[in-house]
Amino acid sequence: MEAAGKRLSARKSFARHWQLYLIVAPPLLFFIIFKYYPMLNAVLAFKDYYVTKGIWGSPWVGFHNFRLFFENPIFGSLVKNTLMLSFYLLLAGFPIPILLALMLNEVRAQKFKRFVQLVTFAPYFISTVVMVSIIMLFLAPRLGFVNVLMNHLGMESVNFLGNPGMFSSIYVWSDIWQTAGYSAVIYLAALSGIDPTLYEAARVDGASRYQKIWNVDLPGILPTISIILILNVGNVMAIGFEKVYLLQNKLNIANSEIIATYVYKIGLLNANYSFATAVGLFNSVINLVLLFTVNALARRFLKSSIW
C-alpha cells in the first residue's frame, strides 16, 4: 500500500509539474549518454584490448596495465609534474580573482569599473591555440617582444620556452591573465548578494574600508570561496591538456610532460588503448579521492561543502 501510494504521488507530481521535468530531461540525458554510459568502457583498463574482439570480447589481464604504469621509470616524473603544475596554478591563481572582485567592488566610478571588467574579462574568449601562439610570439628567442625589450635594456636573449624551469611559470601566469576576469565575476555576484544592512552597521561602528572587507565582504563570500576551492582541488589532476601539449617542445619536455599528454601519446599516437585507459583511470581516481577529502575538510572547518 505504501509503495502504491508513492507511485500515485509520483504520477501526480509529474502531471502537475511536467514542464519542469521536461526542462530537466535534456541535461539529464546528456549526462547519462555522454558521461555515465562511457564509464562502462573503463573496463578496458583491465583488459588486453584487441580491435577485432572489441572491448568486452578482449581477454582480462587484471591490474597488469596499472603495474606497467607504476613500474614505468617515467611514473614519478609524470605525477610530480602534474601535481606541481596543478598546485602552482591553484596557489597562484585562486586568490587573484577574489582580490580582483574585492577591488572592483570598492570602485565607485562605474565607467572605470566597467572598463576594468571588460579588459580583464576579454582574454577569456581567446582560444587556447591563439593564446599559445601569442605566448610563442612574445617569448620568441630572437624576434619576440620580451627579448627585443631585454636587448634594448642591455640584457641577453633568453629562450623562455626552451628552459624547463620556466615552463610552469609561463603556463600558470598566462592562464591567470586569461581567466582571472572571468572567475572574478562569480565572486562579484556573491558580493552583490550580501545584505546591505551589514555595510550600514559597519559604517555606524566606524569600520574602515579594510575592516569592512575583512569583516563583511570575505565572510559573505566564504561559502562561494569554499565551493570553488573544492571544485578546483577536485580537478587538480585534470589540468588542461591542450595548452600544455601545444607549449611542449623537446627542450622543456622534462617539466612539461604530464599525465594528460602522456595518455594522449600512448593511447592515440601509439594505439595502446588499454594502457592509456589504465593511466587515465588512475588519474580520475586520484581526483575523486582529493575531491572527497577536501569536501570533508571544508564541511568540518568552513561549515560549507558541496554535499
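1. Helices here are DSSP runs of H or I, at least four residues, numbered from the N terminus. This is a predicted model: local features need pLDDT of at least 70, side-chain atom pairs count only at pLDDT 80 or more, and totals for chains, interfaces and linings use all residues. Residues are numbered from 1 along each chain as its sequence is written, and side-chain values use heavy atoms, with hydrogens and water left out.

2. Start with the second largest pocket. A pocket is an open set of points on a 1 Å grid over the protein atoms alone, where a 1.4 Å probe fits, with protein on both sides within 12 Å along at least five of seven lines; lining residues have an atom within 4 Å of a point. Its space is about 630 Å³, the volume being that filled by probe spheres set on the points. Of its 25 lining residues, A238, G280, N283, S284 and N287 are closest to the centre.

3. Helix 12, helix 15 (259–269) and helix 16 (273–301) each supply at least two residues of that lining. Helix 16 gives the most, 11 residues.

4. The largest pocket holds about 960 Å³ of space. It has 29 lining residues; L89, D175, T179, S183 and N232 are closest to its centre. Helix 10 supplies the largest share of the lining, 10 residues.

5. Now R11. This residue lies in helix 1 (residues 2–16). R11 counts as exposed because its relative accessibility is 54%, and exposed means over 50% (1.4 Å probe, protein chains only). The C-alpha atoms of R11 and T197 are separated by 45 Å.

Technical notes: Buried < 20%, exposed > 50% of the residue type's maximum accessible area, 1.4 Å probe, protein only.
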